[in-house]
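Hi there,

Here is the structure I promised to pass on. Have a look at it first, and my notes follow below.

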Amino acid sequence: MNCCRACCHFCYGDQADRRGRPVDSQEAGLRTTIRDTPPVPPMADGKVACKHLVLVHGACIGGWSYFKVAARLRSAGYRVTAPDLGASGVDPRPLREVPTFRDYTTPLLGLLGSLPPGEKVVLVGHSLGGINVALAAELFPDKIAAAVFLCAFMPDHTSRPSHVLEKFIEGKWLDWMDTEFKPQDAEGKLPTSMLFGPQIAQERLMQLCSPEDVTLAGSLLRVSSMFVEDLQKQQPFTEGRYGSVRKVYVVVNQDLAIPEGFQRWMIGNSPVDEVKEIDAADHLVMLSRPDELARCLADIAESYA
């Protein structure tokens, strides 16, 4: 068995059955070849070099949200990992046991720290996951071939990490509708919790998704946080580390959660190496336009990894 078939068959792989993730038989019907994508190039010894993409989810969801895109990328020969962040997906901890943004990001940081010397990944962050990607790039710049911000919050390296979130909230870019925000403790030591309600999910996050995907997501949403209080206490990411990592921003033009105007503002505030666009997709682009997103990420991997 060659390298790619061994390592690309569900990278978080055999854990899928044990931990409740979608398993291979469930994804089989979704596996399609990504057209117009170059084949994975062979190495000098004739083996196939697996380009590794790490897909980071946003608030209230989990690694499961990438199941369609991961299946497509794997069938095209890429290695894909979609970890659950703290208190997300099938991570068993409740939010109160993840008191800081770094605690929340620990599963991703552990994954990057465990990579063999010299291995680099294409690190993709969706929505709030862009802040997780920025923190990972600050701590492991030598492990990241490219940081990809998928309709995501993208901090700069001059302001506090909370700056883009504060601008988003102050600018009233989103009608939060039936989202529930609650304090976790009377002392205010823990970050405010957040849970998307069914109305905002259907009308702002997933307005172009199928009814089946909306139902699936509604059954899997978990209480999360934007961690604004904690991020306000942190120092800016540095130009020499986070700022040195090559960056791609993927604009989603029908996003009603982080609208295109705010995505463009972030790009102007912190210029990137490349801007790509996905048309006719909503905020959960990985569910509403999986083919287009898979092609986009494959193209990025071929260009940067």
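Leaving aside neighbours within four places in sequence, Leu297 is in contact with Leu53, Leu55, Val69, Leu73, Val124 and Val148, where contact means heavy atoms within 4.5 Å. Leu297 is also one of the residues that touch the most other members of the largest nonpolar core, together with Leu73, Leu123, Leu150, Phe153 and Ile300. That core has 93 residues, and helix H13 (residues 290-304) gives the most to it, with 8. A nonpolar core here is a set of buried Ala, Val, Leu, Ile, Met, Phe, Trp, Tyr and Cys residues joined through side-chain atoms within 4.5 Å. Buried means under 20% relative accessible area, exposed over 50%, and partly exposed in between (1.4 Å probe, protein chains only). Helices (H or I, at least four residues) and strands (E, at least two) are DSSP runs, numbered from the N terminus.

Before you read on, please keep in mind that this is a predicted model, in which local features need pLDDT of at least 70 and side-chain atom pairs count only at pLDDT 80 or more, while totals for chains, interfaces and linings use all residues. Residues are numbered from 1 along each chain as its sequence is written, and side-chain values use heavy atoms, with hydrogens and water left out. The mean pLDDT (the predictor's confidence in each residue, from 0 to 100) is 88 for the chain, and 84% of its residues reach 70 or more. Over residues 1-48 the pLDDT is below 50, although this stretch has 80 contacts in the model beyond near neighbours in sequence.

Helix H6 (residues 129-139) is mostly covered, with 10 of its 11 residues buried. Among the buried ones are Asn132 and Glu138. The buried residues of H6 pack against strands S1 (52-56), S3 (121-126) and S4 (144-150), and against helices H5, H7 and H10 (228-231).

Ala87 counts as buried because its relative accessibility is 2%. At 24% relative accessibility, Met177 counts as partly exposed.

Enjoy exploring, and write back any time!
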